[in-house]
Amino acid sequence: MKKVVVVTGCNGGIGSASCTKFKSEGWMVIGIDVRKVENQAGLDRFIQADIVDVDQINTLAQSIQKQEGRVDAIVNNAALQVCKPFQETKVEEWDQVINVNMRAPFFLVSALYDLLKENKGAVVNVSSVHAIATSKNILAYAASKGGLTTLTRSLAVECADDGVRVNAVLPGAVDTTMLRDGLKRGHVKGSSEDSLVRALGLKHLIGRVGQPEEIAEAIYYLADSSKSSFITGQCITIDGGATIKLSTE
């Protein structure tokens, strides 16, 4: 029987690349997104759901239990970013960011845990470099991703007795719609969207921003127990060297 992976935010750059990677490796891919997916080439099954709603999480978990009856990995990739000064952040925006980025992964793992532990599966949370080093006008997102890294470690401890591993990747600047929208904060100078991306890339030791497929490779590695069976509770930064150079230099 094929291994089954559940990927949230499958419509986004990293989510879509992850689905494609798992499918190319022979896994059955279940994609979840609040938005309808037009191109389902990387999916075996798509579930449209708002994972902020715990009732919808429980409903989709019941559907997976009934239809597939198996989960070998969960990739908590869905994310929301609000870019504005903290005093301008509304209560509804704060709650939505925290609920999508931190609460939903917790309740999704909980809802699917019985299936996950049957095959000693793995959880990979997609956090962010903002969990360890951040910038102005992105406080809610940074706080939620910091919480997600702590959630990763805590879940790893809780799940260890069942043979379930829990890890996270912390991507830096990756060329996705979210990155391009975030560049509107004004922390990088350029005359066009592409020039902003290039200027941001030059701030990295690698000299460019990352690609979604590069993050997907790391996600797959952590999810596949034949490759990473001795890794749990780890938060791996993938940022082109952005966080290791002193800002004072």
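Modeller: Here is the second largest pocket, with its cysteines. This is a predicted model, where local features need pLDDT of at least 70, side-chain atom pairs count only at pLDDT 80 or more, and totals for chains, interfaces and linings use all residues. Residues are numbered from 1 along each chain as its sequence is written, and side-chain values use heavy atoms, without hydrogens and water.

First, the term. A pocket is found on a 1 Å grid over the protein atoms alone: it is an open set of points where a 1.4 Å probe fits, with protein on both sides within 12 Å along at least five of seven lines. The second largest pocket holds about 160 Å³ of space. That volume is the space filled by probe spheres set on the points, which are joined across faces, edges and corners.

Now the lining, meaning residues with an atom within 4 Å of a point. Cys-10, Asn-11, Ser-16, Cys-19 and Thr-20 are among them. By class, five are nonpolar, five polar and two charged. Here Ala, Val, Leu, Ile, Met, Phe, Trp, Tyr, Cys and Pro count as nonpolar, Asp, Glu, Lys and Arg as charged, and the others, Gly among them, as polar.

What about the cysteine sulfurs of Cys-19 and Cys-10? They are 5.2 Å apart, so they are too far for a bond. A disulfide needs two cysteine sulfur atoms within 2.5 Å. The structure holds zero disulfides.

Cys-19 is also buried, at 1% relative accessible area. Buried means under 20%, exposed over 50%, and partly exposed in between, with a 1.4 Å probe and protein chains only. Cys-83, at 32%, is partly exposed.
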